[in-house]
There are 2 protein chains.
Amino acid sequence: MSLIYRVNMTDLSVRAESPPAEYAERGGRALTSALLAAEVPPTCHPLAAENKLVIAPGILTGTGAPCSGRLSVGAKSPLTGGIKESNSGGMGALALSALGIQAVVLEGKPRDDTWYRLVVNADGLRIEPADGLAGLGNYDAVARLREEFGEKIVCLGIGPAGEMACAAASVAVTDIEGRPTRHAGRGGMGAVMGSKRVKAMVVDPTGARRPQPADPDRFKAGAKQFQASLNGHPLTSQTLPTYGTNILANVINEAGAYPTRNFRVGQFEGAEAISGERQHDVILKRGGKIEHACHRGCTIRCSRIYHDQNGQFVTKGPEYETIWAHGADCGIDDLDAIAQMDRMDDDLGLDTIEIGATLAVAMEAGVIPFGDAQAALGLLREVQRRTPLGRLVASGAAVLGKAYGVVRIPTVKGQAMPAYDPRAIKGIGVTYATSTMGADHTAGYAVTANVLGVGGRVDPLCPEGQVDLSRNLQIATAAVDAMGLCLFVAFAVLDDEHALPAICQMVSGVHGREFTGDDFLALGKATLAHERRFNAAAGFTAADDRLPGFFHQEPLPPHDAVFDVPDAELDQVFNFVR
Amino acid sequence: MSLIYRVNMTDLSVRAESPPAEYAERGGRALTSALLAAEVPPTCHPLAAENKLVIAPGILTGTGAPCSGRLSVGAKSPLTGGIKESNSGGMGALALSALGIQAVVLEGKPRDDTWYRLVVNADGLRIEPADGLAGLGNYDAVARLREEFGEKIVCLGIGPAGEMACAAASVAVTDIEGRPTRHAGRGGMGAVMGSKRVKAMVVDPTGARRPQPADPDRFKAGAKQFQASLNGHPLTSQTLPTYGTNILANVINEAGAYPTRNFRVGQFEGAEAISGERQHDVILKRGGKIEHACHRGCTIRCSRIYHDQNGQFVTKGPEYETIWAHGADCGIDDLDAIAQMDRMDDDLGLDTIEIGATLAVAMEAGVIPFGDAQAALGLLREVQRRTPLGRLVASGAAVLGKAYGVVRIPTVKGQAMPAYDPRAIKGIGVTYATSTMGADHTAGYAVTANVLGVGGRVDPLCPEGQVDLSRNLQIATAAVDAMGLCLFVAFAVLDDEHALPAICQMVSGVHGREFTGDDFLALGKATLAHERRFNAAAGFTAADDRLPGFFHQEPLPPHDAVFDVPDAELDQVFNFVR
């Protein structure tokens, strides 16, 4: 049986409810967005009691479906002012689904300044005071909780950034090793959790009985085919396991789309030093780990474990986006310094993409010089020390840029762009501009057809065809996010005609009722429609579906391209939403 | 002959043009808003080259019409992201109009970091380097310029806040004594001027021949009647000259609408200590001045000169809004400390309303304690020292509040509310919510009928009738702002049926063509329509025409009122704009 836990932080009460019809059989982003659209006033302050933080595993999470352990964390975003689903790896989704939990919804907020923790196990969910955890970084907080509750627990929590309610604060999720290395990073979900005074959620799946598919045979047949599809694609079976996400550094740099020094040029002279190939060698030499899974049941294993020169653990990955954000975007080519920053981001509870972009904007403003890794680490220590400058950093690129009078701020809807310059990969530019989430590569990863030759080919430098590409990907992605599937399954889905039917087969097996490819797309569309309508009611218009002016004006070397997808076409991305 | 100077800061060229038909016979806000709506891309970054700063005297400025020396400064606002007209007293408008200048338009921006000054006199307008002025406060900068150019000049300039391009930065305008005490304060016009690297504009009216009315007799007849109307109204002939704007402190406190400690309650226990009556006595005792005019030709003379305990000049006024913002809103009841803050705001080039509100939000966030005047002065010194905290303060309440995770931020469209709580004076709440300018009392001063019994009576605590009241006032105000008339003439216009015809008579005399009361209203409506359309294209929707949630939720003592004008009614304020 599936349960939704309503955690009322105003009166500190907990209610377990069976999902009402409109939420039944939904999961992940499809559930977070439906619930937010139905229950949160779109114009409320994101840190006010009316906002809700929704934590939901996917529809397939916990079924044993390959790569289905993603967790959706949603709320009205303090970063964008719009609806937000932030997606995390780690063990959070599996632990919750093992307990039969469809979602945990944090509502209201306490009137006093006590910190709380939520303890979730086979007996239910309880709220406990947790002032002893306050002020701790994620690593220390998790260590403390594992000491108390044992090593089987999974933790979700906020670091100092979330306690400060800063808009780039993440919700950290522990990985297989019990480290807080996986994050619902984007959009300030940690600030919302902090505003509700919840420092951590401890999930203990001990004694849980995992929900079984209604039609186990059907499910198993789908899962088998799906695994075969993943095994058959070179990206998910070879490239990602071996080199991790950062294999993209050389690829995107080669494409002239690797944003360097706050999006000034599209190629970084230091790319090789921070590439996936180099990272692979460094990791192996130091006794770290490649082919590491961020959650159980992941067969792609694109995560890694990164050691320092003494062979001591520093951090996971770091991932491509993280390395780019703290690397090329800041003009920094020092992999160890980048790993240190990644570790600090994880510990402070910060979105690595937003923070790297913010450091680059601070460099643009002259606060610290481009390329100065020690100075960049110094800015993260300002967050640790909770200084005004630290608060600016932890509030993200748009806020820091505003305080420093910066014009070149690479954000859409207040959220920083990831590691692909939209002038040289125009499909991703369309996604950045129009996504309900603000600038977000995962919302419609057009790098596939634009650069990787996955799912066809669309010339990355031509404005034509990008809107259709982005639209289709945004719809499919919203459905993938509902499943709890890792986005990387999309490579197989795009190139192997058996992959999507296999997903549908698995869902049919879970629900014991036919779920078709059309249902899959309908779910994606319905989710996006919830999000678009929420954002419209929150005050978003076509003017918010635009890139900053400098992407239209400054040609990006080496292609000297500008972003030139016409506004009228951008306005057609959501032509299916009324 | 009327000239518009186009000052291109990109190539440092100047072009004098005769106004094209669409700008001819416009002035003040009617000109700034028409020009911005026609020439500035609504979605541009406010600090980018595409934005323009328009400085325009009113239609009646320089004609000798009583109280007609107001200056309009307009641009896309870095504070609100919408169109902005910020209105200033002082001698700027008179000096420009004496030179036959209808407007100065700053366009583009330099590619390097040189600071410039503009020198305007009977020979024309020239651009000169001014790096020697950089870093100076407004007082020192003006002293330097008067030393070089003589004491007849009028200066417009920015202080350190404008140099930092912070969103609460003002454009300072010198008064009759040549002090930088009058400001186009609201909306960050100083940041726009700073982004164009213009530190100061020196206007030397020596040798100017003031433009004459086309029909002098008609003009004179109108002016005579208008002066009689001003003389006949007790507010403009007695109360304001004697007690200044701060006569409102006791009145609004009595009405339970004097926002105290960041809008927590509507009455301040220290109101008496910072009241206009007390201020009057202190000023006279110390040899300051009451009945002081902020510009020549003002017959209301609500300005004052404030001395310290040793009889030395500190600042003008301070005005009601300034005293409230740094006083009641911060829980501070020390008139001398408030005067010091006013002096610092003037010197740094900061909007006193925004800054007082920001200090109060910093108090709400726990940065400094409520009521601590020395700590508040300390935050202004952070601006002087250009620290990160100083940048947060100078960026206004919304940005500082965001960095500190504050929910109770009393802003609309990013601009801080002035000194009237919208829960206890609901007409002004409608103006705050809907004005194209963000929260702005001057945009539609419903305190008239709500509290002062001017222009009829509308119960301040009832939601009924407030929308019609605000709409009518917003239309009339836009026209008053076009004239270059001080808003305080509105008291006479509202209560004396001869006042508006007298204004129209004066305009008819200036243009030599009939200008009717209908034309007056049409001008106001047309100006608001330009502004609404600009804002819509910039991305504003009905969701932006709302007060923050806490005004709907937290009852305000002593009336325990919430803001309850229905959204659907708010959406009818601009029912005349298609």
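"Covering" here rests on contact (C-beta atoms, placed from the backbone, within 7 Å). Heads-up: this is a predicted model, where local features need pLDDT of at least 70, side-chain atom pairs count only at pLDDT 80 or more, and totals for chains, interfaces and linings use all residues. Residues are numbered from 1 along each chain as its sequence is written, while chains are lettered from A and ligands numbered from 1 in the order in which they are written.

- Buried residues (20 or more other C-beta atoms within 10 Å of their own, with C-beta atoms placed from the backbone) in H3(A) are A:Asn138, A:Ala141, A:Val142 and A:Leu145.
- Looking down the axis of H3(A), you'd find them within an arc of 95° (directions from the helix axis to the C-beta atoms), so they line one face of the helix.

- In chain A, six strands make an open sheet with mixed pairing, ordered E2-E1-E6-E3-E4-E5; strands pair if DSSP finds at least two bridges between them.
- At the edges sit E2 (13-17) and E5 (83-88) of chain A, each pairing on one side only.
- E1 (residues 3-8) and E6 (residues 101-107) of chain A run parallel, joined by six bridges.

**Chain B meets chain A**
- Each chain brings residues to the contact: 31 from chain B and 31 from chain A.
- On chain B's side, H14(B) gives the most, with four residues.

Key. A residue is buried if 20 or more other C-beta atoms lie within 10 Å of its own, exposed if 12 or fewer, and partly exposed in between; C-beta atoms are placed from the backbone. Helices (H or I, at least four residues) and strands (E, at least two) are DSSP runs, numbered from the N terminus. Two residues are in contact if their C-beta atoms, placed from the backbone, lie within 7 Å.
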